[in-house]
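Biologist: Can you put the model up? I'd like to go through a few spots with you.
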Amino acid sequence: MTIDRLINSIILPGLGSTLIMHIVSCITCFVIGLIFALILATTNPHGLNPNRLVYGIVSTIINVLRSIPFLILLIAIIPVTRAVCGTIIGTKAAIFGITVAASPMVARLLESSFKEVNPVLIEAAKSFGANDLQIIYHIIIKESIPSAVTNLTMAVVNILGFTAMAGVVGAGGLGAVALTYGYQNFDDLVMYSTVVVLIILVQIIQWAGNIIYAKVK
Amino acid sequence: MIEIRGLCKKFGDIPVLQGIDIDIMEGDIYGLVGVSGAGKSTLLRCINGLIPYEEGSLQVDGVEISGLKGRQLREFRSSVGMIFQQFSLLERMTVLENVCLPMKCLKYDKKLMMEKAMKNLELVGMADKHKALPRELSGGQKQRVAVARAMASEPKILLCDEATSALDPNITQSILELLKEINRKSNITMVVVTHQMEVVKNICSKMSILSHGKLKISGGVEDIFLNHPEALSELLGESTEFPREKGKAYIEILKSSDAGKNTECILSALAIQTGIHFDIVWGGLAKYCDEVAGNLVISIDDAQSEQVQKFLSEKQAGWRLLEQKGGERV
């Protein structure tokens, strides 16, 4: 196999599918994770509006989803994936599966960042008459940005791993390339090329995360 | 202005405040004093509704705080500024943004907000640092910014929760001077929670001492320090007693704003005019707001006690005879 065919016909198309899956999954996971994290942070016993029932339900859902290994979860939610996406293979179905699996992780990571905000700051905001939404935006979210950047960088790397694993169940991308050429056809060149590309992607993500952290700190 | 009657607060089953009665007048700088866990910070947070109370009444300008909910409570809180021991500045915002934040939450016009924020920063001497981040400031500068932020919504009450406890003595002095100046200029009522006696003496005109959630004593600062030292012993961590000998009489001569008219040269007059020899065995002077006051205890032979008492009464000095035996005050 020529290098040209390796790059243009195998690696680049796989990389393109992986990037689409990864970027869209990150966005959906961040949005859903943020909503759940805010619910957890505000309803916990020391939060703005403690609510044992809501906190218990959301916390349990997150724990259940996080307890199931990613590949098993992808297979277990196939009926739901089919109902929502109309298919169980391809990028769209993989994004749905990754979102279900990774959103709880993002929620817990953001919750831990929100918990790091000094409670005295929240008390100060209450003391000058801020309402709950103002406290969430100006204090909880804004003050936890540096910690959230660190945690979300970790989440982005994990979600990249999920996109590769999703290749096993027909998602395409670099995971499918490595599986088809490397595992099934014993093509070491393709196999290790995908590994190198994934390593470079992780390095870029971590480097970008470090730069953003330094800027927002 | 602030009227507290029979206030009770529990955390779970543990009583934190029990039957507190305090009156704070407009323009007062009022000290709430007590050891750690006495309930003073909880009481302070009851005043601006940060902590709800179970029993009793707490009224500010006739409004019962426990009756305020939601928007009404938030509006009330905006009329009560608060500063904290750890400054509570948002680390990712500049000094100016920190001062603007309360006004932003109250939806002030942007131009007016900037003008007021800069005016407040000028008041606390921090206008030149308006672009700095809190981490670039010293502890004293941070507290000045916190004062500017607390004053942003032009509150009628300023609550200070151990505001100088994390600062060194010189910086503490400058923050106290700033608070006194703000009180003088705007006649704002201040409630100062502290365990630092120097802070109370320096800034407060009245005080209450809390102990284990109960009110131990309330009154004028000078009066409590000079006439009720036993109430302060838990706070000072030292005995107010001194060694006494048999056959000696001990007379405490008071120097205070209302202790007597002739206190300036009383000791030298006593020595010269009566010829009686005495030892100064205890006492000290301190500054209470703008007055210097204190006490000096002299020891004399028992036989000369009556003569000294007569002399002091004639001179209209503030004085009292201390018990000679057992170490108990009269």
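Biologist: Is T189(B) buried or exposed?
Modeller: This is a predicted model, so keep that in mind throughout. T189(B) has a relative accessible area of 0%, so T189(B) is buried.

Biologist: Which element does T189(B) lie in?
Modeller: T189(B) lies in strand β8 of chain B, residues 189-194.

Biologist: What is T189(B) in contact with, leaving aside its neighbours within four places in sequence?
Modeller: The contacts of T189(B) are M1(B), I24(B), M25(B), E26(B), G27(B), D28(B), K156(B), I157(B) and L158(B).

Biologist: And the rest of β8(B), how many of its residues are buried?
Modeller: Six of the six residues in β8(B) are buried, so the strand counts as mostly covered.

Biologist: Which residues point which way from β8(B)?
Modeller: T189(B), V191(B) and V193(B) point one way, while M190(B), V192(B) and T194(B) point the other way, and all are buried. In a regular strand the side chains alternate between the two faces of the sheet.

Biologist: Which strand pairs with β8(B) over five bridges in the parallel sense?
Modeller: Strand β3 of chain B, residues 29-33, pairs with β8(B) that way. β7(B) is also joined to β8(B) by five bridges, and these two run parallel.

Biologist: What is the bridge partner of Y30(B) in β8(B)?
Modeller: Y30(B) has V191(B) as its bridge partner. V191(B) is also the bridge partner of L159(B).

Biologist: Other topic. What is the strand order in the open sheet of four strands?
Modeller: The order is β2-β1-β4-β5 in chain B, with antiparallel pairing.

Biologist: Which strands stand at the edges?
Modeller: β2 (14-24) and β5 (63-64) of chain B. Each has a single partner strand, so one side of each is left without a neighbour in the sheet.

Biologist: How many bridges join β4(B) to β5(B)?
Modeller: Two bridges join them, and the strands run antiparallel; β4(B) covers residues 55-60. Q59(B) stands opposite E64(B) in β5(B).

Biologist: Where do E154(B) and K116(B) sit?
Modeller: E154(B) is in the loop between α5 (139-150) and β7 (157-161) of chain B, and K116(B) is in helix α4 (residues 110-123) of chain B. They are 38 residues apart, so the pair links distant parts of the chain.

Biologist: Are E154(B) and K116(B) buried or exposed?
Modeller: E154(B) is exposed, with a relative accessible area of 59%. K116(B) is buried, at 14%.

Biologist: What about K201(B), which residue does its side chain meet in a salt bridge?
Modeller: That is E198(B), at 3.7 Å from N to O. Both lie in helix α7 of chain B, residues 197-203, three residues apart, about one turn of the helix. K201(B) counts as buried at 13% relative accessibility, whereas E198(B) counts as exposed at 54%.

Biologist: And K248(B), which residue is in a salt bridge with that one?
Modeller: D301(B), at 3.3 Å from N to O. K248(B) is in strand β11 (residues 248-255) and D301(B) in strand β13 (residues 291-301) of chain B, 53 residues apart. D301(B) is partly exposed, with a relative accessible area of 40%.

Biologist: Which residues of chain A are linked in a network of salt bridges?
Modeller: R108(A), E111(A) and K115(A) are linked that way.

Biologist: Last thing, the interface. How many residues does the contact take from each chain?
Modeller: The contact takes 19 residues from chain A and 23 residues from chain B. About 1,800 Å² is buried between the two chains, and carbon and sulfur atoms give 60% of that area. E123(A), S127(A) and F128(A) supply 31% of the area that chain A buries against chain B, more than any other three residues.

Biologist: How many salt bridges across the interface of chain A and chain B?
Modeller: The rule finds one. The side chains of E123(A) and R45(B) meet there, at 2.4 Å from N to O.

Definitions and conventions. Residues numbered from 1 in each chain as written. Chains lettered and ligands numbered in written order. Predicted model: local features only at pLDDT ≥ 70, side-chain atom pairs only at ≥ 80, totals over all residues. Heavy atoms only, no water. Contact = heavy atoms within 4.5 Å. Buried area = accessible area lost by both parts, 1.4 Å probe. Salt bridge = Lys/Arg side-chain N within 4 Å of Asp/Glu carboxyl O. Buried < 20%, exposed > 50% of the residue type's maximum accessible area, 1.4 Å probe, protein only. Pairing = 2+ DSSP bridges.
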